[in-house]
Amino acid sequence: MAAPDFILKLREKIGHDPLWIPAVRGVVVNDAGHILLGQRSDNGRWALISGLLEPGEHPGPGLVREIFEETAVVAETERMVSVGVSGPVTFPNGDVCDFLDIVFRCRHVSGEPRVNDDESLAVGWFPPDGLPDIRPKDRESIHQALQPGGSVHYEP
């Protein structure tokens, strides 16, 4: 996956120094209660749909954009699930990033999932009790999103 243009322009100025980057992830739930996942092309692992926000982009609309770009699914955000930090992450080229990770529960509006860009090898719906091997962080986000009440979790 290529870095967005705005990241590349920043890297021209600051080199490999740490960047603070806002990122979003979505727990998209369809009417059957299944969760939308994508198999990432960079590591082959299944994961929640996620992406980086563009400068000035609001988190909810940015996530809806990412979901559509990656899966052709139209979704709408229902509520924020959690806010946390991932990192620092050092990439193979030496770039260092910390990610502000904002997770939303989303409702499927329309569209059948398909691989819609180069970030995924496969996409599909999975029942909560039949998820493939995913990161513990994604599993916890799904658990939180499926809980009634809607409180936001803040991860240390």
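Is V109 buried, exposed or partly exposed? I looked up its relative accessible area, which is 40%, so V109 is partly exposed. The classes I use are buried (under 20% relative accessible area), exposed (over 50%) and partly exposed (in between), with a 1.4 Å probe and protein chains only.

**Ground rules.** I am working with a predicted model, in which local features need pLDDT of at least 70, side-chain atom pairs count only at pLDDT 80 or more, and totals for chains, interfaces and linings use all residues. I number residues from 1 along each chain as its sequence is written, and side-chain values use heavy atoms, with hydrogens and water left out.

**Whole protein.** I found 3 helices and 7 strands. Helices (H or I, at least four residues) and strands (E, at least two) are DSSP runs, numbered from the N terminus. Their order from the N terminus is α-β-β-β-α-β-β-β-α-β. The radius of gyration is 15 Å, close to the 15 Å of the globule rule for 156 residues, so the protein is as compact as a globular protein of that length. I note that this radius is taken over C-alpha atoms, and that the rule is 2.2 Å times the number of residues to the power 0.38. The C-alpha trace spans about 45 × 30 × 30 Å along its principal axes. I also noted that 41% of the 156 residues count as buried.

**Helix 1.** Which residues of helix 1 (residues 5–14) are buried? I listed F6, I7 and R11. Viewed down the axis, these buried residues fall within an arc of 135°, so they line one face of helix 1. The arc is that of the directions from the helix axis to the C-beta atoms. An α-helix has 3.6 residues a turn, so residues three or four places apart point the same way. On the other side of helix 1 I found D5, K9, E12 and K13 exposed. The cover over the buried residues of helix 1 includes strand 1 (19–29) and strand 5. After helix 1 comes G15, with a positive phi near 65°.

**Helix 3.** I then checked helix 3 (residues 136–146), where D138, S141, I142, Q144 and A145 are buried. Their arc around the axis is only 165°, which puts them on the same side of helix 3. The strands they pack against are strand 1, strand 2 (35–40), strand 3 (46–52), strand 4, strand 5 and strand 7 (153–154).

**Backbone.** Where is the cis peptide bond I looked up? It runs from G87 to P88, with omega near 5°. P88 lies in strand 4 (residues 74–90). A72 has a positive phi near 65°, although A72 is a residue other than glycine. I placed A72 in the loop between helix 2 (59–71) and strand 4. A72 has a relative accessible area of 8%, so A72 is buried.

**E57.** This residue is in the loop between strand 3 and helix 2. E57 counts as partly exposed, because its relative accessibility is 22%. Leaving aside neighbours within four places in sequence, I found E57 in contact (heavy atoms within 4.5 Å) with L52, G62 and R65. E57 and P22 are 35 residues apart in sequence and 9.7 Å apart in space, C-alpha to C-alpha.

**Back to V109.** V109 is in strand 5 (residues 96–110).
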